[in-house]
Structures are given as C-alpha cells and as structure tokens.
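This note is intended for a colleague meeting the structure for the first time. The points below may be read alongside the sequence and the model.

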Amino acid sequence: MTTSERPVGTPRTKVLLIGGTGFLGRHVLARLSAAEMDVTVVTRRPTAVPAGHGVAELDDNAPRRAQFAAMINRFTPDAVVNTAGEIWRSDPCLLREANAELPEQLALAMADLGSTARLVHLGSSLEYGPLPHPHATDESCPEAPRSEYGRTKLRGTRRILEIARQASLDVVVLRVFNAIGSNMSPASLLGRTVRTLDRARCDGHLARLTLFDLKQRRDYADARDLAEAVLRATVSRRLAGVPVLNLGTGRAGSAYDLVRELALASGAEFAIDVLPAPERGGRALAAGWQIADPTLARRHLDWSAARTLPETLRWIWRTAGEGQAPPIAGCPAEGTR
C-alpha cells in the first residue's frame with residue numbers, strides 16, 4: 001500500500017492518538033494524516049503538535065481515567081492509538097506510570113463508556129524472554145522480560161487485554177522490535193551518534209564513537225514501516241481474536257553495524273572505540289539475540305517491513321536536526337521505543 005492509497009474505511013476516520021509528540025507517535029501521526037484521517041493528539045506538550053491537528057492536553061494533576069473518558073466523549077473516535085511510553089529514563093516510578101498505569105487507565109476509561117472504538121496499543125519486544133540464536137520470537141513465546149522497562153510494558157499489555165476481555169473492547173497490541181528513525185531521543189544510541197557526527201563534521205574533527213562490546217544482534221525496524229502497520233491495525237477488519245501482533249523485519253543487526261553505517265552515511269571522518277561491556281547493563285543487556293517472527297502481521301495486516309537497514313540509516317542522517325526532540329531531562333514520557 002502506498003501513501004496515496006486509502007484503505008477501505010479510512011477517509012475521515014477519527015483517531016485519538018495518545019503520545020503523538022513522541023518519537024514513534026510523530027511518525028504515526030504523519031502516516032495517519034497522509035491517509036486523510038481526522039487525528040486528535042493527546043499530549044502533555046500541545047505546542048509540539050503540528051498545525052492542522054486537533055489537540056487534547058493531558059493534565060498530570062488530574063485523574064487520567066476521567067480525562068481519557070472526557071476526551072473519548074468529546075471526540076467520539078473510531079480508533080484510539082496509544083504510542084505513549086517511557087524507555088530512556090530509569091526511574092521505576094516513571095516507567096510504571098507511563099508503561100503500565102497509563103494504558104490501564106485508558107482501557108478502563110473505554111470500558112466505563114462501553115466504547116466500540118478500536119484500541120491499538122504499542123507494546124515491546126522486550127516483553128518476551130530471550131531465545132537462542134537463530135530462533136525468531138513469535139506471539140506464542142514466553143513472556144519473561146529481563147528489564148524493568150520490559151516488565152512495566154508487559155504489565156500494561158496484560159491489564160489492557162484483561163480489561164478488554166471483561167468489557168468486550170476491540171483491542172490489538174502491536175509489539176514493536178527496536179524502532180529506529182529520524183529524530184530519535186538523544187539518549188538513544190543512534191540519537192547520540194547523530195549528534196557526535198554532526199558536531200565533528202561541523203568542526204572538521206574526527207568523530208570518536210564509543211560502543212560497549214555487547215555482542216547483541218537485534219531486529220531493527222524503520223519507524224515509517226511501523227507507522228504503516230499502526231495505520232493498518234487501526235482500520236483492519238480482520239483482527240477478531242488476534243490480540244497481539246509482532247512488528248519486526250525478521251532480520252538481525254548489531255549496534256556496531258548501525259553505528260558504522262550511520263557514520264558512513266554522514267560522510268564524516270570517524271573512529272569507533274569498542275569498550276568492555278558492563279557487568280550490569282539494565283535494558284541494554286536484556287537479550288543478546290532477538291528477531292521477530294512477523295508471520296501474523298503479514299497474515300492479518302498484509303504488512304511487512306519494506307525498507308532496508310542502510311536505507312533507514314541514510315534517512316536518519318538526511319533528516320538529522322529536523323524537529324529534534326528536546327534533551328532527555330526535560331522530555332515528557334511520550335516516545336515509546
């Protein structure tokens with residue numbers, strides 16, 4: 001499906017997009033808008049929403065369940081898409097609030113109203129436990145997260161699905177495998193690499209890029225491809241009885257591959273220093289090998305990742321600095337993955 005094509009049922013479909021100013025949320029907003037949907041963005045940063053879109057400001061000092069219910073009553077959406085989440089800050093309270101409590105309160109609000117809107121929730125590959133090489137992770141694999149991020153994401157997913165069963169909500173969870181794309185958080189590996197390369201290129205200096213020797217291989221998916229999957233999940237009529245779908249490429253890459261290819265795309269002179277891995281790596285060491293089995297997404301969404309890793313990394317460099325996210329210390333938790 002190309003950008004110009006409209007899936008059946010999408011013209012003027014009304015969508016309430018939670019977290020539409022975060023990393024993935026912005027790409028989802030762009031794709032839904034290209035499909036001519038009527039999108040209202042729910043955010044704590046209303047000034048970050050592009051012109052032409054409806055905005056509903058989320059107030060941290062008011063109960064979220066009541067706020068979500070009021071928004072759903074006001075905007076009467078056909079679909080609610082939750083891209084909000086916290087990943088880069090390690091505070092357990094922030095992780096719990098963004099990844100577990102917010103989706104629970106959203107699902108409870110929809111249940112209170114007897115909403116018939118579809119709820120599309122972005123989960124994470126790190127809700128699963130690790131598998132040995134070369135096995136791919138499908139939706140039947142054990143849910144055994146090894147990081148606090150993964151554990152809080154799993155709690156959010158389980159509560160949404162539990163509430164959906166009790167209230168007969170129309171829900172699908174899309175488990176995202178390592179989203180990458182333009183304007184990633186400066187706390188992320190690629191966001192940090194872009195800044196280092198940009199400074200070095202501007203100053204005419206050698207860019208020294210530092211990596212831990214984690215020996216990991218992961219499934220890196222282009223944010224534009226993931227946004228396409230969200231669009232399809234929002235309008236698909238074939239998701240009954242399919243509560244969870246994995247979104248990934250089914251191909252593995254390493255952090256070293258990503259950094260090297262991005263540096264090559266920049267044209268800057270660079271050197272990569274590989275350091276011994278720390279004994280405790282939190283989220284970074286949660287899985288040494290993980291790739292998606294996207295069979296169900298192909299079957300039910302007619303979706304598969306379209307872009308290659310080099311293509312994605314060239315795009316990241318080409319768009320570096322456009323609408324860059326604020327420094328992590330001041331960035332609200334709105335950017336799942």
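1. Helix α3 (residues 92-113) and helix α4 (residues 148-167) pack at an angle of about 10°, their axes being 8 Å apart; the two are therefore roughly parallel to each other. Angles under 35 degrees count as roughly parallel, and each axis is a line fitted to C-alpha atoms over the stretch in contact, with angles running from 0 to 180 degrees between N-to-C directions. Helices (H or I, at least four residues) and strands (E, at least two) are DSSP runs, numbered from the N terminus.

2. The model is predicted: local features need pLDDT of at least 70, side-chain atom pairs count only at pLDDT 80 or more, and totals for chains, interfaces and linings use all residues. Residues are numbered from 1 along each chain as its sequence is written, and side-chain values use heavy atoms, with hydrogens and water left out.

3. Which residues bring α3 and α4 together? On the α3 side they include Leu95, Asn99, Pro103 and Leu108, and among those they meet in α4 are Tyr149, Thr152, Ile160 and Ile163; contact means heavy atoms within 4.5 Å. The residues of this contact divide into 10 nonpolar, three polar and six charged. In this grouping Ala, Val, Leu, Ile, Met, Phe, Trp, Tyr, Cys and Pro are nonpolar, Asp, Glu, Lys and Arg are charged, and the others, Gly among them, are polar.

4. Helix α4 has 20 residues and reaches 28 Å from its first C-alpha to its last, close to the 28 Å expected at 1.5 Å a residue; the expected span is 1.5 Å times one less than the number of residues. Its buried residues include Leu154, Thr157, Leu161 and Ala164, where buried means under 20% relative accessible area, exposed over 50%, and partly exposed in between (1.4 Å probe, protein chains only). The cover over the buried residues of α4 includes α3, β5 (118-124), β6 (170-176) and β11 (244-247). After α4 comes Ser168, with a positive phi near 55°.

5. Helix α6 (residues 223-235) has 12 of its 13 residues buried, so it is largely enclosed by the rest of the structure. Asp225, Glu228 and Arg232 are among these buried residues. The end C-alpha atoms of α6 are 19 Å apart, which agrees with the 18 Å its length should span.

6. Gly204 follows α5 and has a positive phi, near 75°.

7. Among contacts between residues at least 6 apart in sequence, 80% join residues at least 24 apart.

8. On confidence, the average pLDDT (the predictor's confidence in each residue, from 0 to 100) is 89, and 89% of the residues score at least 70. Over residues 324-337 the pLDDT is below 50, and this stretch has 57 contacts in the model beyond near neighbours in sequence.

Notes: Angles under 35 degrees count as roughly parallel, over 145 as roughly antiparallel, 65 to 115 as roughly perpendicular and the rest as oblique.
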